[in-house]
Amino acid sequence: MLEEISVKINIGPGRDLTLAAGKLAHLANGSCTVRQGDTIVFSAACSGEAKKGQDFFPLQVDYREKYSAAGKFPGGYIKREGRPSDKEILICRMADRPIRPLFPEGFFDEVQVCGLLLSADGVNEGDVLSMLGASTALVLSDLPFQGPIGAVRVGCIDGEFVANPTIQEMEKSTLELVYAGLPDKVIMIEGEAKECSEETLEKAMIFANEIVKKQCEAQLELAAKVGRPKKEPTLHLVPEDFNAAMIALISDKIEAACLVPGKEDREKGLSALKELCAEQLKEQFLEAYGEEDFNFYLGMAFDKYVRATIRKAILEKGYRPDGRGVTQIRPLSAEVGVLPVVHGSALFQRGETQALVIATLGGPKDAQESDKIYGGTNVKKFYLHYNFPNYSTGETGRIAGPGRREIGHGNLAERSVAQVVPKDFPYTVRCVSEIMASNGSTSMASVCGATLALMDAGVPIKSPVVGISCGLVTDDTGKELLLTDIIGAEDHFGDMDFKVCGTEEGITGFQLDLKLPGIPIATLARAMQQNKAARAEIHKVVRDCIAAPRPEVSPRAPQMEVIHINPDKIGALIGTGGKNIKEITESTQSQVDIADDGSVSILAGNKEILEEVKRKIQFYTAEAEIGKIYRGVVKTVKDFGAFVEILPGQDGLLHISEMANYRVANVTDICKEGDIVSVKVVDIDRSGKIRLSRKAALEELDGKKQ
């Protein structure tokens, strides 16, 4: 049996992580397990050869949660897990982004990193363990990974930072920061907050960095015991003579082609310049390298030269491809009520980026439900879907369902806006962001558009949420420049895409992507302050468009109200075999949801129908009141009196002595089964037994006639 070697890491009082290797998956390039409590995640890294002509690094990160890890069966008819859930896809993305920048330039071998939840204790989450496992597996492997990195979740509970809080602790946290980085360098952050300050988020990152240092030391310690020697990688780089010839050919033309404000004009100019290179360089290099390698080198060399030119212009001249200043935001516009039938709609535009967002209101049954691997169901009453069609970039392509990018962008926008949707708002709310045009920061346009659409629909959000991205350009000398509101070219050729969303009071969501192998936390802190100033400008545009949520929900939205009944009356409302509730919903075309505590949510087409539903519910659930007259049905006749149903499921005794203001010889002289009689409730005893009087009812009714 293979021996397992382990290293323990203490990340806080009573919180230990254990990295272990040597026992599982010994045929992989590198493998390990990461454990916290009784939650265990397995990770493995494998590689294959680069495909001929491939000019990018094909890293694939996968993560799966199997119900067997929690001692459970999958729900549904097919007892086998299928396509990855949104949660699994989001975890894949979180593990991918921090390790991708840590492979050498020109390394194009196929690399797969697979994570698998082996044991789920229902206390500790597996996502950050998977991120740490991905790094550990790569460190232990023979692949040219320039790590290790650490990964930790930081919560803030009662003003104190906590590393890797439990699932239950996170429910009390005002901050969720998922942090990944090298010692003293951040590579990736993602999370949400309840309007925290930039200073609080910076302190949380500093706290996380100390945990990361311990994790990196532990990985190196484990690698020294069981790691494989690193192999010399094959790097696909452009030959120096080819690169020098191309630069000499277009050095006097490249800047004019790169520094064109319009996206389409810029792409046309660069395409023409690349064709010129192909024509002029073929005579010198085509025969030597062959057509396939020639095209491969040309593409890589040209893209690298364009990138260097744009970066140099930004750093040395403060130039931006669309002509803006370093901290200048693109032109903004905002509209609401742009569609006639929907409940709420908005069109938000920043430069060439355009998001059309639609808000829809529904009832409890419209909530998004998903099974928890630990048991129970997760229910979301607010969710946002993001769509990025081909036409948004003026291109064609395969039309399919949402990919990983769309799920990730939608999740960031959803988490950021969800912070201001009231928890007690009775409606389920869905936002759909349709990206109409894209030139950078479509997720942030979705946040702004969602805020506008919600206010247009009459959703009483606490405060508008807006978002914007900050970029970064650096050089080998240490010079750096932060750019506000980056466009697509600045994202592609720059080093950073740092998105921050928030209200006027503080941050609600954030996400960092880097192409660099880490930057100082202080640099990110400066970017947060620059981002904050930009958000203030966007808030003004939003407020000028619609100052506050509309006072009532859209008249086109279904009308909703939550009423409360005695829980003991739930059975009466539902009726035998669901008879009563079925009659209510079918006759009014409404939706009625009953909770165990007696809360009844009503979703009706309009106010008139809503009132009708309430009347029907009150009929089935009303409580008998002493002194009130009812028209009841005689259910049973006895010698001493009759039992009369005055409300659904509520009978009272009409004693023979209370049937008339004279002596009644036989009950049947007054009533028989099925008769409708007027009776007055004269008493309800402690056990709930109701005493009725026909005599008192007739006297009161006769008095009213007079």
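These legends go with an overview and several close-up views of one predicted model. Local features need pLDDT of at least 70 and side-chain atom pairs count only at pLDDT 80 or more, while totals for chains, interfaces and linings use all residues. Residues are numbered from 1 along each chain as its sequence is written, and side-chain values use heavy atoms, with hydrogens and water left out.

**Figure 1. The whole protein chain.** The chain has 15 helices and 29 strands. Both are DSSP runs, numbered from the N terminus: helices are H or I with at least four residues, strands are E with at least two. The radius of gyration is 34 Å, well over the 27 Å that the globule rule gives for 706 residues, so the chain is more spread out than a compact globule. This radius is taken over C-alpha atoms, and the rule is 2.2 Å times the number of residues to the power 0.38. Along its principal axes, the C-alpha trace spans about 125 × 65 × 45 Å. Of the 706 residues, 51% count as buried (under 20% relative accessible area; exposed is over 50%, partly exposed in between; 1.4 Å probe, protein chains only).

**Figure 2. Helix α1 packs with helix α8.** Helix α1 covers residues 86-99 and helix α8 covers residues 404-418. They pack at an angle of about 95 degrees, with their axes 10 Å apart. Axes are lines fitted to C-alpha atoms, for helices over the stretch in contact; angles run from 0 to 180 degrees between N-to-C directions. The two helices are therefore roughly perpendicular (65 to 115 degrees; under 35 is roughly parallel, over 145 roughly antiparallel, the rest oblique). From α1, the contact uses D86, I89, L90, C92 and R93. From α8, it uses R404, R405, I407, G408, H409 and N411. Contact means heavy atoms within 4.5 Å.

**Figure 3. A closed barrel of five strands.** The order is β25-β26-β27-β29-β28, with mixed pairing. Two strands pair if DSSP finds at least two bridges between them. Neighbouring strands are turned by 50 degrees against each other on average, direction ignored. Strand β27 (residues 650-655) and strand β29 (residues 690-693) pair in the parallel sense over three bridges. G652 stands opposite I690 in β29.

**Figure 4. The surroundings of N124.** N124 lies in the loop between β6 (110-119) and α2 (127-140). N124 is buried, with a relative accessible area of 7%. Leaving aside residues up to four places away in sequence, N124 touches Q36, G37, D38, T39, T166, I167 and Y374.
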